[in-house]
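My notes follow in the order I looked things up.

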Amino acid sequence: MNIRFLTVMAFAFVAMSYGQKQNNVLDQFKDVPREKVFVSVNSSLLFTGEYIFYKMYCIDDKTKQPSNTSTIGYVELINEDKEVIFKHKIRLEKSQGQGDFFVPTTVPSGNYKLMGYTNWMRNGSVDLFFQEDISIINPYRSNQDVLLPNLVDKETANTEMIDLIATEDKRFVLSTDKENYAKKSKVKIGIQNFRGASGYGNYTVSVRKKETLKSANKHTPESYIQWHQKQGASLGAFYEKIRFAPELDGELIKGQVVAKNTSAISTPKKIGVSIPGEDFQLKVVGTDSSGVFYVNIDKDYTEPYALFQVLDQPKGEFSITIEENDPIDYSSVKFKKYFLSPEMEEAIVKRSVYNQIENGYYEVKPDTVRLDLLNDPYGGAFVETINLEEFTRFKTLDETIVELVPNVWTTKNKAGERVFKARSFDETYEESEYDALVYIDGVFIARPEEVLEFDTRTVKTINTVREKYRIGGKYYFGMINIVTNEGNYFDQIQDTNIMKYELESPRPIKNYFRQNYIEGVGSKIPDFRDQLLWQPTVLFEGKEWGQSFFTSEVAGEYEVVLEGFSIYGRPVFASQSFTVK
């Protein structure tokens with residue numbers, strides 16, 4: 001029999017920590033080095049109606065190589081009042097992750113800061129978080145006072161914005177096939193690597209119109225490393241005090257079981273954690289002697305909810321709470337000042353008009369989410385599906401299982417409880433010693449006999465997998481997932497023993513729109529893009545790499561930028577300019 005194991009372990013330290021205090025649990029990470037992150041952004045000056053595109057690189061502060069510690073990163077945009085405009089959670093694969101943010105018209109003109117960090121970095125100073133100055137212009141608001149210089153500022157307006165020098169890596173040569181291009185024409189770019197294997201990596205390529213409006217120079221990987229070394233020059237390789245656990249294996253959730261009878265909590269309890277939906281997941285984790293537990297969510301999901309329930313315990317005896325991290329104190333963060341001038345008016349108006357046209361045609365220029373990355377809850381196993389629309393319906397689930405679902409039945413266990421069973425593929429009729437897993441819309445049903453009277457008029461299909469599973473140290477044979485017409489059973493749950501918690505989902509991986517004018521495709525659609533290409537994942541393992549894209553109807557000087565870190569953690573930056581006439 002093929003045994004399929006579901007990933008159900010939380011941190012290894014949870015299993016080892018029964019009877020220990022929480023401080024001792026975190027102390028075992030004292031030899032894990034510090035981290036730093038670099039966030040590559042497409043521009044430091046944005047208008048409402050435009051996108052901030054970004055990619056995060058996480059580096060081990062001791063080895064100076066890509067970090068193997070954190071699998072989750074965070075990106076926040078804050079304003080001068082230290083208010084958070086957006087907070088994104090980023091799943092890091094091989095120390096890298098990506099995301100974007102559409103700047104809405106609700107965001108006022110002003111000076112902002114893009115912050116990047118990991119949960120592990122919260123054990124250090126906020127001053128060591130990645131910081132990038134971002135200026136936003138909202139031309140649709142009449143009040144632009146925050147970007148208007150006073151008499152004192154006029155002499156130095158925007159002069160302090162240019163203080164970073166982009167040093168290029170001469171061992172990378174970036175070139176274009178021509179220096180000048182017509183509008184809506186094809187551009188070919190090439191990269192040559194003279195570093196050999198030390199130049200291999202996963203980089204970011206951005207092609208964007210050079211700013212006609214003076215703005216802050218962005219950090220390059222090299223300038224960021226220099227800045228970070230200066231900020232942390234007196235610090236050791238490890239954190240002095242550990243208050244936050246590293247997210248080693250996905251998103252980390254900390255919770256606690258509270259018992260009506262305080263003595264009942266000292267023995268370990270099992271917690272079932274369901275993430276519902278078509279790509280459902282199930283985790284089973286244990287508590288320590290104080291009822292504390294940790295859950296790692298290592299796969300993406302579409303429904304941003306987790307449902308927690310105490311397993312194998314009397315109903316109503318326990319409740320569950322989830323611990324939230326305190327907000328980050330950004331009081332020490334300083335902002336650079338960006339100011340508008342009368343000479344900018346024409347450029348601002350033109351760019352605003354172009355943005356409105358581009359957003360009006362978004363539906364024919366969409367980005368797409370990588371659906372191939374979604375979790376398969378059945379683990380690739382053969383799924384037997386019964387579509388109830390094809391049969392005369394029975395009222396209850398119990399009747400439906402008996403009459404319509406082959407190879408599945410219900411019976412009583414030794415405790416007198418009704419459970420589900422599934423037949424193996426060997427065509428024997430011997431009853432398995434293991435019960436089947438039961439779900440409704442991906443929600444784990446801990447007590448299946450409670451849903452035998454479930455109204456199957458609301459059910460669309462019943463999916464069955466006949467495989468062996470091991471979850472939370474317990475074996476099961478078979479999986480039955482009951483899919484309702486609306487697919488929202490988790491919204492209707494009224495069980496007080498199930499605690500529903502809203503998740504902050506990691507940003508989805510996207511394939512970004514690529515304009516194509518081959519054979520006249522899209523030639524009649526207005527094209528006023530400033531951002532001609534954003535390719536956050538460029539796998540470079542060789543001597544040469546090539547790519548092509550198309551220019552828009554916007555004339556001007558453009559810049560191709562390659563940046564990131566090699567597989568050995570070395571900063572890489574190269575650029576090349578061309579003109580569209």
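**Entry: model type.** I am working from a predicted model.

**Entry: main core.** I looked up the largest nonpolar core and found 49 residues. Ile 52, Leu 77, Leu 114, Phe 129 and Tyr 330 have the most contacts inside it. E4 gives the largest share, six residues.

**Entry: Leu 77.** Which residues does Leu 77 touch, leaving out those up to four places away in sequence? I listed Ile 52, Glu 83, Val 84, Ile 85, Phe 86, Tyr 112, Lys 113, Leu 114, Ile 134 and Ile 136.

**Entry: second core.** I also found a second, separate core of 25 residues. Leu 307, Leu 388, Leu 452 and Tyr 489 are among them.

**Entry: helix H4.** I asked which residues of H4 are buried. They are Pro 221, Ser 223, Tyr 224, Ile 225 and His 228. The cover over these buried residues includes E2, E9, strand E32 (556-565) and strand E33 (571-580).

**Entry: a four-stranded sheet.** I traced an open sheet of four strands, ordered E16-E15-E18-E28, with antiparallel pairing. Strand E16 (281-286) and strand E28 (499-502) are the edges, each pairing on one side only. From one strand to the next, the twist averages 25°. Val 273 has Lys 283 in E16 as its bridge partner.

Notes:
Residues numbered from 1 in each chain as written. Predicted model: local features only at pLDDT ≥ 70, side-chain atom pairs only at ≥ 80, totals over all residues. Heavy atoms only, no water. Core = buried A, V, L, I, M, F, W, Y, C linked by side-chain atoms within 4.5 Å. Buried < 20%, exposed > 50% of the residue type's maximum accessible area, 1.4 Å probe, protein only. Helix = DSSP H or I, 4+ residues; strand = E, 2+ residues; numbered from the N terminus. Contact = heavy atoms within 4.5 Å. Pairing = 2+ DSSP bridges. Axes fitted to C-alpha atoms, helices over the stretch in contact; angles between N-to-C directions.
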